Structure formats: structure tokens, C-alpha cells
Amino acid sequence: MKPLSGIRIADFTVHNAGPFCTHLLSQLGAEVIKIESAMRPDAFRKPHPVYGRMGPATFDQVASTKLSVRINLKKAEGIALAKRIVGVSDIAAESFRPGVMDRLGLSYGALKAVKDDIVMLSVSSSGQSGPDSHFAGYAPLFGAWGGLGELTGYEDGPPVEIRHVMDHTVGMNAAAAVMAALHHRRASGQGSHVDVAAREVAASLVGDMLLLAAAGGSPRRMGNAHASMAPHGVYPARGEDRWLALAVGSDAEWATLARLMGKPELNGDARFTDAASRRANTEALDAIVSDWTRTQEANEAAAALQSAGIGAHASWTTPELAADPHLKERGAIIEVAEPDGTPRAAVGVPMRLSKGPEIGIHSGTPKLGEHEDFVYGELLGMSEAERKRLEDAEVIY
């Protein structure tokens, strides 16, 4: 049994943040039933050119291992059918704008009446309460609202819009909150409504800057610079669009880097004698480091620097990541089958357990309605006649 084997999730989430939460939980063993309809499928199911191929790539990355059923939530019988799934589930997850589930008749109170100890997860831009709770929001807005965008980018440039990383960070926070709610239910027998606001997740990531501002400081964008380390950043390497990430954390590491660059005399340069001096002369320092890195092959330079105890790595492209033997050996990059059987690379679960079965993805992206025989037949005990009637009435649609 995987850690969450026996946990079932009725998944109403859409787009990325909520689905990434249930995706993580599915890799830990939860049975996730993705609820959609042909009338209103998840927007990310639509094939679109991304990641170098034409297909529902954005959907693929958060839908693997899930089960799929069709329910038309615009019909009263569809709402009743959704409640039947919730009635045999432990968690109901949704990521609509606040108020949508209430209008559908699927509020926390309504679901609690179906299953008293249900854990309901609601992921939204600004939370289920408060003056801004009605605001719509997508990933770039989360970082903007939470202050993360303002602190990301170069000092003389605009804030940088933050996309998928914001959705996924929200999903990870939601997964942790759901696990806590399940633990509370195990101890108390009580369910709960878990409210995760994306803008609050973003704000939680800039806590140190909030403290600085509260103390009278002026937080600012630093690009790839660091408050105390120098050199620190991404430097040009040999070849077109090749880059080397480098971080020198001590004076000893700086002395080693100067030697590797063939410039040991820099150790006697007053501008670079300690971290504070190097930070004060970052522009001159970065120019010297860049002159050296431009002559280096990124992967070879990274290997030499790592061997010398200096943190460095080439800024890898996606194909390099997909081919990385380290990630493949650890199961971080795996192969799953497309609906037509074609294998593709996928990102596995980013954690390992020392005991028990292997966690992670065990099946590819489901076709819309692929698992209705199991969910409606075996799980709910629905007869073929009842299913046909609901299909004819476009409830299962």
C-alpha cells in the first residue's frame, strides 16, 4: 500500500493550482476521480502548442494517474450524481471562484450533509472570505498580489511575471493543508473546510522582505544577485544561449575560483578581499567572471567547479533535463503512455520513501470519461439501465 492508499478524492479542480495538489496526492496513493463534462472539459485538455509538441501538455502534467468521469453539473441530476461520488470519498477538492460551488449546490455545508466527516479543499486567488474574495486570478496575478513579482527581476527593470511556479507552489501548500486536515480527522473524527488563497501563498514566500520593510528597510529587486554572496548569478558560457549558474559562498571558494580562472592575483585585489568588498564591486567582479565563463563549455565548467567545492551548474534546457541519468535513476523523470500508447517523458513525484511501495505516476493522462465503468458500475453500483438513462439525459455527458 502507498501512503495514501484508501483515500479517495472527488476532484472538481480546474486549470493548474488545484489539479497539481490532487496530482501530488494521487502519486502518494490517493484515488483521484476527476469530474468534468464534454460540455465543459478542463480548459487545459485542449491540445495546444507547448513544450515542443502539439497536445494537452499542460493537462498531462497534472492529470496522470487520475480517474476520469463525466458529469454535467448544470443539471440537478448531475449535482446529485456528484454528491454520490462525494459520499464515498474522503476529500472534495475544487478551485472555482468563491461562490460557484455554493450556487451549484455543492457548498461545504451541502457536502457535509452528504458525508459528515468530509474534508473539502477550496483553492482560490484570494480566499473564501474577505473584501477581495470575489476577485478572479491566475498565476501571474498571484505573484503580483503577494509581492513576489515586485521582488523578482533586475533592479532597473519591471517586476517579472511568475507563471507555473506560482500555481505549483499553491498546489504544494494545498496538499500539505489537506494532509493536516486528514490527520485532524483521524484524531477527532471531524472533517473541515480547507481554504487556500494563492495570494497568501505568494506573500508567505517574501516573509524576509516583509520583515525588512517593517524594520524600515527598502526591499528591492536584485536580479540574480545575492544579499551577501558574490559572485552570484547566471553567467554566459561558450555557445549560443548557454549559461552557467554560479554561487561563491566563502572567501576560500573565491580564492579557488580565482585560481581556476587563471587569475590568482585577484586574491590580492582590495576590491575582492572579502564578501562585503565583492558585493560592493559586483559590476567589476561580474565582468571578470563573465570574461572567463564565455570561454567555457557550461557542463565542463560546472563539473570542474563542483569538484573544487564551488556551487555551480549549467542552466539546462528541457531536453537536457529529460535525458539526465541522475533524474532517471531516481525516478524523477519517468516514461508514461499517452492515450494512444505512445510513450512520453513525465516528471515523477519529487520525494522518496525508504520503506513501502514505490510512489509516483503509474498511469498516463486519462481520456475523458475513461473510468466510468469502475466509478459508476463498481463504486456506485449503478445499473447499465440507469447509466444509459443518465447518458441520454446528458447528465453523464
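In this predicted model, the axes of helix α6 (residues 139-146) and helix α7 (residues 164-188) come within 7 Å and cross at roughly 75°. Helix α6 is therefore roughly perpendicular to helix α7. On the α6 side the contact is made by Ala 139, Phe 142 and Gly 143, and on the α7 side by Met 166, Asp 167 and Val 170. Sorted by class, this contact of α6 with α7 has 4 nonpolar residues, 1 polar residue and 1 charged residue.

**The parallel sheet**

What is the strand order of the open sheet of 6 strands? The order is β5-β2-β1-β6-β7-β8, and the pairing is parallel. The edge strands are β5 (67-70) and β8 (192-197), each of which pairs on one side only. Neighbouring strands of this sheet are turned against each other by 20° on average, direction ignored. Within the sheet, β2 and β5 run parallel and are joined by 4 bridges. Lys 34 stands opposite Ser 68 in β5. Helix α7 also packs on this sheet, where it touches β6 (91-94), β7 (119-124) and β8. The direction of α7 makes about 160° with that of β7.

**The antiparallel sheet**

A further open sheet consists of 3 strands in the order β9-β10-β11, with antiparallel pairing. Strands β9 (232-236) and β11 (311-314) stand at the edges, each with a single partner strand, so one side of each is left without a neighbour in the sheet. The twist from one strand to the next averages 20°. Strand β9 is joined to strand β10 (residues 243-247) by 5 bridges, and the two run antiparallel. Tyr 235 stands opposite Leu 244 in β10. Helix α12 (residues 282-293) lies across β9 and β10, and runs at about 40° to β9.

**Salt bridges**

Side chains of opposite charge can pair when their charged atoms come close. The model contains 22 salt bridges.

| Residue pair | N to O distance |
|---|---|
| Arg 8 and Glu 31 | 2.5 Å |
| Glu 386 and Arg 84 | 3.3 Å |
| Arg 387 and Asp 373 | 2.8 Å |

Arg 8 forms a salt bridge with Glu 31. Arg 8 lies in strand β1 (residues 8-11) and Glu 31 in strand β2 (residues 31-36), so the pair ties together parts that are 23 residues apart in sequence. Arg 8 has a relative accessibility of 18% and counts as buried, because the limit for a buried residue is under 20%. Glu 31, with a relative accessible area of 24%, is partly exposed.

Glu 386 forms a salt bridge with Arg 84. Which helices does this pair connect? Glu 386 lies in helix α17 (residues 384-392) and Arg 84 in helix α3 (residues 76-87), so the bridge ties together parts that are 302 residues apart in sequence. Glu 386 is partly exposed, at a relative accessible area of 26%. Arg 84 is likewise partly exposed, its value being 33%.

The side chains of Arg 387 and Asp 373 meet in a salt bridge. This pair links distant parts of the chain, with Arg 387 in helix α17 and Asp 373 in helix α16 (residues 372-379), 14 residues apart.

**Helix α9 and the residue after it**

Helix α9 (residues 207-214) is hardly covered, as the count of buried residues among its 8 residues is 0. Just after α9, Gly 216 takes a positive phi of about 95°.

**The protein as a whole**

The protein has 17 helices and 13 strands. Its C-alpha atoms fill a box of roughly 85 × 50 × 40 Å, taken along the principal axes. Of the 397 residues of the protein, 43% count as buried. Among contacts between residues at least 6 apart in sequence, 67% join residues at least 24 apart.

Definitions and conventions:
Residues are numbered from 1 along each chain as its sequence is written. This is a predicted model: local features need pLDDT of at least 70, side-chain atom pairs count only at pLDDT 80 or more; totals for chains, interfaces and linings use all residues. Side-chain values use heavy atoms; hydrogens and water are left out. A salt bridge is a side-chain nitrogen of Lys or Arg within 4 Å of a carboxyl oxygen of Asp or Glu. Buried means under 20% relative accessible area, exposed over 50%, partly exposed in between (1.4 Å probe, protein chains only). Axes are lines fitted to C-alpha atoms, for helices over the stretch in contact, and angles run from 0 to 180 degrees between N-to-C directions. Angles under 35 degrees count as roughly parallel, over 145 as roughly antiparallel, 65 to 115 as roughly perpendicular and the rest as oblique. Contact means heavy atoms within 4.5 Å. Ala, Val, Leu, Ile, Met, Phe, Trp, Tyr, Cys and Pro count as nonpolar, Asp, Glu, Lys and Arg as charged, and the others, Gly among them, as polar. Two strands pair if DSSP finds at least two bridges between them.
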